[in-house]
Amino acid sequence: MSKKILANDGIDAKGKELLEKAGYTVETKKVPQEKLITELNSHKYVALTVRSATKVRKDIIDACPDLKVIGRGGVGMDNIDVDYAREKGIQVINTPAASSHSVAELVFAHFFGMVRFLHDANREMPQKGGTEFDALKKKYAKGIELKGKTLGIIGFGRIGQEVAKIGLGIGMKVVAHDPFLTEALIEIDIRGVSPIKVKIETFAMDKVLEEADFLTLHVPGGKVIGADQFAIMKTGVFIANASRGGVVDENDLIEALNSGKVAQAALDVFVNEPNPMKDILTHEKISLTPHIGAATEEAQERIGIELAEKIIVALNE
C-alpha cells in the first residue's frame with residue numbers, strides 16, 4: 001500500500017511531523033478542485049486531508065480507488081459526502097474538539113468590539129483623533145458591558161459550551177438550546193483554583209430567543225434564524241454567527257438591522273463564500289471576519305496533531 005498523504009488545505013507542522021515519523025510522505029501543495037482526481041490517482045494517495053475549502057464529493061470518492069481515509073481539519077463536514085464515502089469503505093474523520101476555544105474567543109472578540117465601537121473608533125482616531133478628540137469621545141461614550149447580560153447559545157456542543165464558559169466567567173447569565181441535550185456540566189478552569197462546575201439546562205429555542213441580549217449560533221448548518229425568529233427576539237439584540245453560512249438568513253438579517261430589531265451582528269461565515277454578498281460586506285452594523293474561527297496558532301497545532309493521530313490509527317486498522 002502507498003504511504004502518501006495529500007494535505008490539500010495544509011496541516012500544522014507538528015501534525016505533518018507525526019505522520020512522517022510514522023512513515024508517511026505528506027504533500028502540502030494546494031491542488032485545484034478540478035485537478036484533484038488526477039492528482040490523487042497519479043500519486044496513489046491513500047489519505048486526503050481538507051479544511052473547508054476543498055470539496056470531497058461522490059465524483060472523487062468513485063474515481064479514486066486508492067483513497068482509504070478522508071480527514072477534515074475542523075468540525076463541520078458539509079464539504080464531504082460522508083455517508084457515501086463510508087458506504088464505499090473510506091474512513092472519514094474530523095477534529096471536533098481542537099478548535100472549540102478559538103471559535104469561542106472570536107465570538108467574544110466580536111461582541112466586545114461591537115459594544116465598545118472598536119472598529120469604527122480605530123478607523124476614526126487616526127483621521128480625527130488629533131483635531132476632534134472630544135467629539136469622538138462623546139460619539140463612542142455609550143458603550144455597554146456584557147456583565148449581567150443574558151447570553152443565548154443555539155447549539156450546545158463543544159463550541160457552544162466553550163462560549164458558555166467565557167460568558168459565565170465575565171458574569172453573564174447563560175441560556176442554551178440544543179435538540180440533543182437537556183443539560184450540560186460546564187467546567188471553568190481558573191488558574192490557581194480548582195475547576196468550577198456549573199450545570200446548564202437547555203430550553204426551547206423560543207425561550208432562548210426571547211431572553212437573549214447576546215445570541216450566538218453553533219450548529220452544523222441549515223437555516224435556523226430568519227424573519228420569524230427575529231420577531232421573537234428582544235429589540236436591540238446582538239447576534240453572532242461563527243458556525244456556517246446561511247444559518248442566519250442574510251437578507252432577513254439586513255432587514256432586522258435596518259429596523260433596529262438587531263443592534264449589531266457579527267459574521268465569520270457567509271452564504272456565498274468566498275464571495276459574500278456586497279450588502280453584507282458594506283453594512284455599517286455588521287462586524288466581519290473572513291471565516292477565521294479556528295485560525296489561531298494553538299488551534300491549528302491541536303488540529304494537526306489530532307488529525308495525524310487519527311489518520312495513523314485509521315490507516316493501520
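1. What volume does the largest pocket have? The largest pocket has a volume of about 920 Å³, where a pocket is an open set of points on a 1 Å grid over the protein atoms alone at which a 1.4 Å probe fits, with protein on both sides within 12 Å along at least five of seven lines.

2. This is a predicted model, in which local features need pLDDT of at least 70 and side-chain atom pairs count only at pLDDT 80 or more, while totals for chains, interfaces and linings use all residues. Residues are numbered from 1 along each chain as its sequence is written, and side-chain values use heavy atoms, with hydrogens and water left out.

3. The lining (residues with an atom within 4 Å of a point) numbers 40 residues, of which Val 75, Gly 76, Ile 159, Val 219 and Pro 220 are the closest to the pocket's centre. Helix 8 (residues 158–169) gives the largest share of this lining, three residues.

4. Strand 6 (residues 150–154) runs parallel to strand 7 and is joined to it by five bridges, with Leu 151 opposite Val 174.

How values were computed
Pairing = 2+ DSSP bridges. Helix = DSSP H or I, 4+ residues; strand = E, 2+ residues; numbered from the N terminus. Points joined across faces, edges and corners; volume = space filled by probe spheres on them.
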